[in-house]
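Here is a short briefing on one chain and its fold. Read it with the sequence and the coordinates open.

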Amino acid sequence: MDIIARNLRFGISGDPQRRWFDDDLVKSAAVDAFSIFLPEGERFFIRSLRHYAPQLDDPELKAEIKGYSVQEAYHTREHEDYNVALRSLGYDIDGMEETVRKVLGRVKRPIDRLLVTCAIEQITYGTSKMMLKTPDLFDQSADHYGCLWIWHAVEELEHSAVAPHVLTAATPQMSGIQRYVMRTAAMAGVLALFYRLWIRHTVAIAVANGRKRGPKLYGRIVWLLFVRPGLLRRTSSGLLRYFLPFYNPIAPEDARLLQAGRARLDKMLETAHLPQPVSAA
Ligand SMILES: [Fe+2]
Ligand SMILES: [Fe+2]
């Protein structure tokens, strides 16, 4: 799939909103909580893949790593700006980012970093497909937020196969079974930590907006994740596919989905009113 790095700015910090998603505070918080992982995470992914680039022979794969790195660098910049917006709304973003930094900092060996990157890329791939499969997901959202998430989803789909391809190319000495055990073990560890932190950050944002920590708030979050819009439920088939021994990082429907996603992004950008960012360099 073509990897196209689109140097776009969405200006989230120029117009921060607590209820940008369907005028719904908790729904917005659940997606905002995803952004908190991204600047740290995406820098980690770039470093993980670039570590292996010099030892690869395949020029096509090296070019894919380059395209991947440019896309993720633009994502990092826009999510830094997004997180500046969250900070300006009074949320403890420094504390939450510090937790993400510490968790990722514990992964030291290059091969483990690559395995964690493959696992998180699969999560972002699943989340992106869920967004692209729901044409009206951001119809009632603030333009700049909706455009940013669709842009990010399109590019995540474009580069979803790069990390798994690097894993295969960088580990020729491993048997298929060894590689399978390592990547699924990494995914199990990532899933447990990622969802725990995601829910914790969603709750923290809601509480900072005056919501009471308790069954009502937790029930609402469970509803959003598993029922409507099913942010987690609708990514689960992609995640389960990762546990298949002969997992293929590209699904047959991806090309069609990507084509529709690119057209949707162009259409959204045509009519969007994007504020000027106040923080992005
Ligand atoms: Fe990204
Ligand atoms: Fe990515």
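Asp-23 counts as partly exposed because it has 13 C-beta neighbours inside 10 Å, a number that falls between the 12 or fewer of an exposed residue and the 20 or more of a buried one. The model is predicted. Asp-23 has a positive phi of about 55° although it is not a glycine. The points below cover backbone geometry, helix packing, the nonpolar core and selected residues.

**Backbone geometry**

- Asp-23 sits in the segment before H1.
- Asp-22 is found in the segment before helix H1, which spans 25-52.
- The phi of Asp-22 is near 55°, again a positive value in a residue other than glycine.
- Asp-22 is partly exposed because 15 other C-beta atoms lie within 10 Å, which is between the limits of 12 or fewer for exposed and 20 or more for buried.
- Where is the cis peptide bond that involves Pro-229? It joins Arg-228 and Pro-229, with omega at about 0°.
- Pro-229 belongs to the loop between helix H8 (215-226) and helix H9 (236-241).

**Packing of H4 with H6**

- Two packed helices are described by the angle between their axes and the distance between the axes.
- The axes of helix H4 (residues 110-132) and helix H6 (residues 162-170) come within 9 Å and cross at roughly 150°.
- H4 is therefore roughly antiparallel to H6, since angles over 145 degrees count as such.
- The crossing of H4 and H6 is left-handed.
- On the H4 side, the contact is made by Leu-114, Thr-117, Cys-118 and Glu-121.
- H6 brings Ala-163, Pro-164, Val-166, Leu-167 and Ala-170 to this contact.
- By class, the contact of H4 with H6 has 7 nonpolar, 1 polar and 1 charged residues.

**Packing of H4 with H5**

- H4 also packs with helix H5 (residues 143-158), at an angle of about 125° and with the axes 8 Å apart.
- From H4, the residues in the contact are Thr-124, Tyr-125, Ser-128, Lys-129, Met-131 and Leu-132.
- They meet Trp-149, Ile-150, Ala-153, Glu-156 and Leu-157 in H5.
- The contact of H4 with H5 divides into 7 nonpolar, 2 polar and 2 charged residues.

**Nonpolar core**

- How many residues are in the largest nonpolar core? It has 65 residues.
- Those with the most contacts inside this core are Leu-49, Ala-119, Ile-150 and Val-166.
- H1 gives the most to the core, with 12 residues.
- Leaving aside neighbours within four places in sequence, Leu-49 is in contact with Ile-65, Tyr-68, Thr-117, Val-162, Ala-163 and Val-166.
- Among these partners of Leu-49, Thr-117 is part of the H4 side of the contact with H6.
- Ala-163 and Val-166 are on the H6 side of that contact.

**Glu-40**

- Glu-97, Val-100, Arg-101 and Leu-104 are in contact with Glu-40, once neighbours within four places in sequence are left aside.
- Glu-40 and Arg-234 are 194 residues apart in sequence and 25 Å apart in space, C-alpha to C-alpha.

**Other residues and distances**

- Thr-99 is found in helix H3 (residues 93-105).
- Thr-99 is partly exposed, with 16 other C-beta atoms within 10 Å.
- Glu-253 lies in the loop between H9 and helix H10 (254-271).
- Glu-253 is exposed because 10 other C-beta atoms lie within 10 Å, and 12 or fewer counts as exposed.
- Glu-253 and Lys-129 are 124 residues apart along the chain, and their C-alpha atoms are separated by 10.0 Å.
- Val-181 is found in helix H7 (residues 176-208).
- With 13 C-beta neighbours inside 10 Å, Val-181 is partly exposed.
- Val-181 and Phe-138 are 43 residues apart along the chain, with 38 Å between their C-alpha atoms.

Technical notes:
Residues numbered from 1 in each chain as written. Chains lettered and ligands numbered in written order. Predicted model: local features only at pLDDT ≥ 70, side-chain atom pairs only at ≥ 80, totals over all residues. Helix = DSSP H or I, 4+ residues; strand = E, 2+ residues; numbered from the N terminus. Axes fitted to C-alpha atoms, helices over the stretch in contact; angles between N-to-C directions. Parallel < 35°, antiparallel > 145°, perpendicular 65-115°, else oblique. Left-handed = near helix turned anticlockwise from the far one by under 90°. Contact = placed C-beta atoms within 7 Å. Nonpolar A, V, L, I, M, F, W, Y, C, P; charged D, E, K, R; others polar. Core = buried A, V, L, I, M, F, W, Y, C linked by C-beta atoms within 7 Å.
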